[in-house]
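Walk me through how the side chains pack and pair in this model. Keep it brief, and give the cut-offs.

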Amino acid sequence: KEKKAQDCYSDFRLAFWMDQDGSLRINWAKEQAQGITTNLSLENRDYVQMVLKKPENLWRISDRTKSKNYRFFLEPITSWTTGLNTVVASMPSLATKQEINGWVAAMEFQFLSLMDHVVLPPGIGFAVIDSNHGVLFHSEEKRNLREAFLVETDHNPKLRDLFTAKTAGHAEGSYRGKSTSFYTLPLDPLPWALVVFRDREILR
């Protein structure tokens with residue numbers, strides 16, 4: 001028996017297309033998705049701006065055979081319509097019909113490994129940060145898109161060096177006032193880094 005798409009991809013919420021002006025024109029929604037409208041301008045969203053105005057800055061990834069490159073952009077967002085933390089992947093539409101040529105194709109979803117009630121050992125946490133050290137994803141979801149990671153570490157110089165060099169490594173310091181051990185890992189080809197941290201005080 002063939003499975004429905006919504007059963008195979010439980011993190012998928014929406015697939016949608018914007019025209020050359022950034023206006024939502026088509027959307028495909030899962031049954032449980034709420035608050036979806038086609039009378040909405042998304043022009044100011046980065047995932048639209050990057051495709052329409054800065055296509056040369058789109059990220060690139062190869063398919064499994066390394067024979068084809070895809071240009072894309074990922075943006076964690078707080079939904080204007082539902083208030084949920086989600087992620088949008090966008091790319092130039094591959095549709096060939098003349099009337100929709102040049103549109104933006106996008107999909108909204110959640111990273112299950114980062115956003116769906118992640119279970120961690122006591123004292124362990126993580127954050128995914130962008131090139132400006134802003135928190136995109138956090139083991140405490142309420143901190144997504146709301147925290148400047150280096151500020152919370154008292155501008156730890158070793159962490160700053162690791163982020164700048166885009167290299168993996170260990171650091172010691174404080175995080176939100178607690179003695180903490182860190183491990184950083186660049187997430188190539190994205191301009192993001194993963195930081196795993198451990199509260200050292202919980203072990204005392």
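Is Glu147 buried or exposed? Glu147 is buried, because its relative accessible area is 7%. Here buried means under 20% relative accessible area, exposed over 50%, and partly exposed in between (1.4 Å probe, protein chains only).

First, the ground rules. This is a predicted model: local features need pLDDT of at least 70, side-chain atom pairs count only at pLDDT 80 or more, and totals for chains, interfaces and linings use all residues. Residues are numbered from 1 along each chain as its sequence is written, and side-chain values use heavy atoms, with hydrogens and water left out.

Glu147 has a charged partner. Its side chain meets that of Arg143 in a salt bridge, 3.0 Å from N to O. A salt bridge is a side-chain nitrogen of Lys or Arg within 4 Å of a carboxyl oxygen of Asp or Glu. Arg143 is buried too, with a relative accessible area of 18%. Arg143 also bridges to Glu140, with the closest N and O atoms 3.2 Å apart. Glu140 counts as partly exposed, at 30% relative accessibility. Glu140, Arg143, Glu147 and Arg176 are linked in a network of salt bridges.

The whole structure holds 7 salt bridges. One of them joins Glu108 to Arg13, the closest N and O atoms being 2.8 Å apart. This pair links distant parts of the chain: Glu108 sits in strand β6 and Arg13 in strand β1, 95 residues apart. Helices (H or I, at least four residues) and strands (E, at least two) are DSSP runs, numbered from the N terminus. Both Glu108 and Arg13 are buried.

Now the nonpolar side. A nonpolar core is a set of buried Ala, Val, Leu, Ile, Met, Phe, Trp, Tyr and Cys residues joined through side-chain atoms within 4.5 Å. The largest has 28 residues, of which Phe16, Met18, Tyr47, Leu74, Phe137 and Trp192 touch the most other members. Apart from it lies another core of 14 residues, among them Ile129, Leu162, Ala171 and Phe197.

Rings come next. There are 12 aromatic pairs. Rings of Phe, Tyr and Trp (its six-membered ring) pair if their centres lie within 6.5 Å; planes under 30 degrees apart count as stacked, over 60 as edge-to-face and the rest as tilted. Phe16 and Tyr47 have ring centres 6.1 Å apart and planes at 80°, so the pair is edge-to-face. Phe16 lies in strand β1 and Tyr47 in helix α2, so the pair ties together parts 31 residues apart in sequence.
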